[in-house]
Amino acid sequence: MRPPLSPIPPRWMAAAVAIGIAVAMDGCSANASPRSTTPTSEASSLPTSGTFDYQLGGIYDSLPDSQGRIDIVVRDAGAAPLTEAYSVCYVNGFQTQPDEAADWRDHADLLLHDAAGDLVVDPDWPEEHILDPSTADRRSQILDVIGPVIDGCAESGFDAVEIDNLDTADRFPDIDRTGALELAAAYVDRAHAHGLSVAQKNAAELADTAHSQLGFDFAVAEECVAFDECAAYTEIYGDRVLGIEYPDTLAEAGLDFADACTVRDRPPLMILRDRDLVAAGDRGYRYGTC
């Protein structure tokens, strides 16, 4: 999920969340064997160098102003991968997309409802509803909808998938944490079965669990400099972190992108993008790299 226009509240301390997850996850006790963190195909491993771009608001095949070719790119599942680039397929795994209303019309029972029986929406993205993975049956039905999207990423030729909104259980207390993590694990298994690597999206406090227990291979981290949480990703995934910063939240943190590039624990593959992620040449387009 692209971040809201103002910084989100401080996240839970990683240690406290890790303890809660260890207790809550069924079959994931301190003595449980970790899940495999190796994708089915070694060819799908995220490169750790090159030029990275994040293109969820509009696609283009090369950077403007002679900035060169794009080596790694994230695009929406509805777009085509970029030929000869390592292409990551964006999948919203825990919330609906604004253009997917018809897909969920017959699945209202899989969406989170409030005490009054109304559908819960994301306050920062009011056209998005929240999936409810609280039971095995609901998770199975959700996978029946989202699984084919992951399958389609592989069929289209993407190298990896990015699963968004892993942090839904933290942002919406009525979401069952164990169920959410089990659904995440099912997504990882589905992607790995196709030889796709899988990216954790945001949720810095979950990085250790996401990698060692759920099997995520790399991370996509928005605003880790602005929120001072880059180390939470890089200490777990090393150089396999794609970082995106936005001008407004950097400014609110008293920083500019040049400052961000000097942060010791920042991802090596970190870029500046405009918040709407518009295509090159469109009004408001911003792109920078360290």
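Biologist: Is the link of Cys-89 and Cys-153 left-handed or right-handed?
Modeller: Happy to start there! The sulfur atoms of Cys-89 and Cys-153 are 2.0 Å apart and form a disulfide (a pair of cysteine sulfur atoms within 2.5 Å). Given -55° about the S-S bond, this link is left-handed.

Biologist: What pLDDT do local features need in this model?
Modeller: Residues are numbered from 1 along each chain as its sequence is written, and side-chain values use heavy atoms, with hydrogens and water left out. This is a predicted model in which totals for chains, interfaces and linings use all residues, side-chain atom pairs count only at pLDDT 80 or more, and local features need a pLDDT of at least 70.

Biologist: Which pattern do the disulfides follow along the chain?
Modeller: There are 3 disulfides in the structure. Besides Cys-89 with Cys-153, Cys-224 is joined to Cys-230 with an S to S distance of 2.1 Å, and Cys-261 to Cys-290 at 2.0 Å. Counting bonded cysteines along the chain, the pattern is 1-2, 3-4, 5-6.

Biologist: Is the link of Cys-224 and Cys-230 left-handed or right-handed?
Modeller: Cys-224 and Cys-230 are both buried. The angle about their S-S bond is 85°, and the link is right-handed.

Biologist: Which relative accessible area does Cys-290 have?
Modeller: The link of Cys-261 and Cys-290 is left-handed, with -85° about the S-S bond. The pair joins distant parts of the chain, 29 residues apart: Cys-261 is in helix 9 (residues 257-261) and Cys-290 in the segment after strand 11 (287-289). Cys-261 is partly exposed at 21%. Cys-290 is partly exposed too, because its relative accessible area is 42%.

Biologist: Nice. At what angle do helix 3 and helix 5 pack?
Modeller: Two packed helices are described by the angle between their axes and the distance between the axes. The axes are lines fitted to C-alpha atoms over the stretch in contact, with angles from 0 to 180 degrees between N-to-C directions. Helix 3 (residues 136-156) and helix 5 (residues 177-193) have axes 10 Å apart and pack at an angle of about 35°.

Biologist: How many charged residues are in the contact of helix 3 with helix 5?
Modeller: Contact means heavy atoms within 4.5 Å, and among the residues that meet are Arg-139, Ile-142 and Asp-151 in helix 3 with Glu-182, Leu-183 and Arg-190 in helix 5. Here Ala, Val, Leu, Ile, Met, Phe, Trp, Tyr, Cys and Pro count as nonpolar, Asp, Glu, Lys and Arg as charged, and the others, Gly among them, as polar. On that basis the residues of this contact divide into 9 nonpolar, 2 polar and, as charged ones, 4.

Biologist: Which side chain has a polar contact of 2.7 Å with that of Asn-92?
Modeller: Asn-92 lies in strand 3 and counts as buried because its relative accessible area is 5%. A polar contact is a pair of N or O atoms within 3.5 Å, one able to donate a hydrogen and the other to accept it within protein; residues adjacent in sequence count only if both atoms are side-chain atoms. At 2.7 Å, the partner is Asn-165.

Biologist: How far apart in space are the C-alpha atoms of Ile-72 and Thr-51?
Modeller: Ile-72 belongs to strand 2 (residues 72-76) and is buried, with a relative accessible area of 0%. Leaving out residues up to four places away in sequence, Ile-72 touches residues including Leu-46, Phe-52, Tyr-86 and Leu-269, as well as Thr-51. Thr-51 and Ile-72 are 21 residues apart in sequence, and their C-alpha to C-alpha distance is 6.2 Å.

Definitions and conventions
Helices (H or I, at least four residues) and strands (E, at least two) are DSSP runs, numbered from the N terminus. Buried means under 20% relative accessible area, exposed over 50%, partly exposed in between (1.4 Å probe, protein chains only).
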